[in-house]
Amino acid sequence: MENQKTRDVELGVAQLVAYALDRGLIGEEDVTYAANLMLDALHYEPTGAFVPRDAVAAVRGSELRPGLEEILAGLLDDAVARGVCDAGIASRDLLDTRLMGCVTPRPSEVVKTFWERYGQSPELATTYFYRLALDSDYIRSYRVARDRKWVTHTRYGDLDITINLSKPEKDPKAIAAALTKKSDREPYPRCQLCPENLGYAGRLDHPARETIRLIPLTLAGEPWYLQYSPYVYYNEHCIVLSEKHVPMKIDRTTFVRLLEFIEKFPHYTVGSNADLPIVGGSILTHEHYQGGRYEFAMARAGLREEVSFAGYEDVRAGIVNWPMSVIRLDAADPGRLVELADKILAAWRGYSDETVGVLAETEGAPHNTITPIARRRGEGFELDLVLRNNRTTDEYPLGIFHPHQELHHIKKENIGLIEVMGLAVLPARLLGEMDRLKQVILAGEDVASVPEIASHAAWAEDILSRHPEFSPKSVSELGDAGAAALDEVIEQEIGQVFAQVLEHCAVFADNETGRAAFARFVASVC
């Protein structure tokens, strides 16, 4: 039995090295070196008969080649059995990242290759870099593939809906608390976006980052970096991060950086989360942007009406036909977009309109900010400015312009950049809850009587009122086809809730009162 275990570990190491060789992560000269690094990480001493080059050659000559997930699972199971690591997912993730770090090219090599390919075209450079993130298992594609995704048609166009299975749901109050958190000892790295994560082995409360790679950039004369998100909510989901660990801030320089970025990478979209709690993203403590090679629903939305700003007649402007309050600016000269965007931001920072609940500040605390998004339109430049306000009241303790209480059963988290653009990132809990909801409806039971899905009861009742074919009287005749139909109905209804979520976040509602208020703000800018 022990000999079999020995062979299994040695075979697993050979398979992993062969995988890296096939993917171009390492060269032939690196085979023995990489195998020895892995053996050390596994605290494993091989038999004298183990020759890495021969073992890897045998694996590559075999027709039966397991996938990366299977290879890593076998090595991790053995490590757990031998007491090398705990059985928990966090411990396993630390070890498998260390194993993949043994075969991930060094940062200097990655940077050199990236810029060589950039010299041919920006697309070639990012394609190489993204492929590396996948092949090195920095992006665990086999986990991402388990995310549930679909499209829902709404009055605002097709919205992208995902139930995310690879990242935990974050509480808005916890995100805000992180901004003011104090500790006797500052952690290292200070946050998950700091450049010091490069090669970091991780710990149970901080992910391992031996496989992360950063591409140095200069934006607005300052050092920044390009990396990819390990959760990859959409194609080539990248993060653009400051070298400095400084809080998020939206100002004129933000617009400069965003537009410079899309000058360098015209095939990408890039935007910034807002810089205030509730309306910002999940990390407000480190300045960063997000982008990627993806057309978001908001980019496809047209203008509801055109507007003009005195002195900026060369900039086409309009209000976007979108559930949130968005001003779109288009121009051939990015500098003109920066000037007008800065003017709009300054006006919005100090703007109040009590008739629609917008106050610029209360007791010295600012409430108004902007979520900006930049993209190319042919040879021109486009900048979307999403007006945000994070004011709270006793009635809406998590935010007036935040998903209201009746929608929290689907979405309670902050509505950040990605969702502003029309891609819902919904919590993993929904997958199990929706399966249970379907079972209860098909059984003709009362949703409110089932504790784990009782929060969905009012919503389910509304759905059933519009879909009598799933009523207790009718459901017994549906069979398997009925179950599939109910799945589709629930998915589409979730998408409609997401559209409502975005409507709740609009500072100027899409109605007569809201449109008039929006017009007053536009008129105030110049």
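**View 1. Arg 140 in the loop between α7 and α8 (141-144).** Helices here are DSSP runs of H or I with at least four residues, strands are runs of E with at least two, and both are numbered from the N terminus. The model is predicted: local features need pLDDT of at least 70, side-chain atom pairs count only at pLDDT 80 or more, and totals for chains, interfaces and linings use all residues. Residues are numbered from 1 along each chain as its sequence is written, and side-chain values use heavy atoms, with hydrogens and water left out. Arg 140 is buried, at a relative accessible area of 13%. Buried means under 20% relative accessible area, exposed over 50%, and partly exposed in between (1.4 Å probe, protein chains only). The Arg 140 side chain reaches the backbone oxygen of Asp 93 at 3.4 Å. Setting aside neighbours within four places in sequence, Arg 140 is in contact (heavy atoms within 4.5 Å) with Asp 93, Asp 96, Thr 97 and Pro 230.

**View 2. Helix α6 (residues 107-118).** This helix has twelve residues. From first C-alpha to last, α6 reaches 16 Å, close to the 16 Å expected at 1.5 Å a residue. The expected span is 1.5 Å times one less than the number of residues. Val 110, Val 111, Thr 113 and Phe 114 are buried. Seen down the axis of α6, these buried residues fall within an arc of 165°, so they line one face of the helix. The arc is taken over the directions from the helix axis to the C-beta atoms. Ser 108 and Lys 112, on the other side, are exposed. The buried residues of α6 pack against α7 (122-135), β3 (215-219) and β4 (222-228).

**View 3. Helix α14 (residues 429-442) and the glycine after it.** α14 has 14 residues and reaches 20 Å from its first C-alpha to its last. Its buried residues include Leu 430, Met 434, Leu 437 and Ile 441. Down the axis of α14, the buried residues fall within an arc of 165°, so they line one face. Gly 444 follows α14, with a positive phi near 70°.

**View 4. The largest nonpolar core and Leu 329.** A nonpolar core is a set of buried Ala, Val, Leu, Ile, Met, Phe, Trp, Tyr and Cys residues joined through side-chain atoms within 4.5 Å. The largest has 111 residues. Phe 261, Phe 309 and Leu 329 have the most contacts inside it. Helix α1 (residues 2-22) gives the largest share of this core, nine residues. Leaving aside neighbours within four places in sequence, Leu 329 contacts residues including Phe 309, Val 315, Leu 337 and Phe 381.

Technical notes:
Polar contact = N/O pair within 3.5 Å; in protein donor to acceptor, adjacent residues only side chain to side chain.
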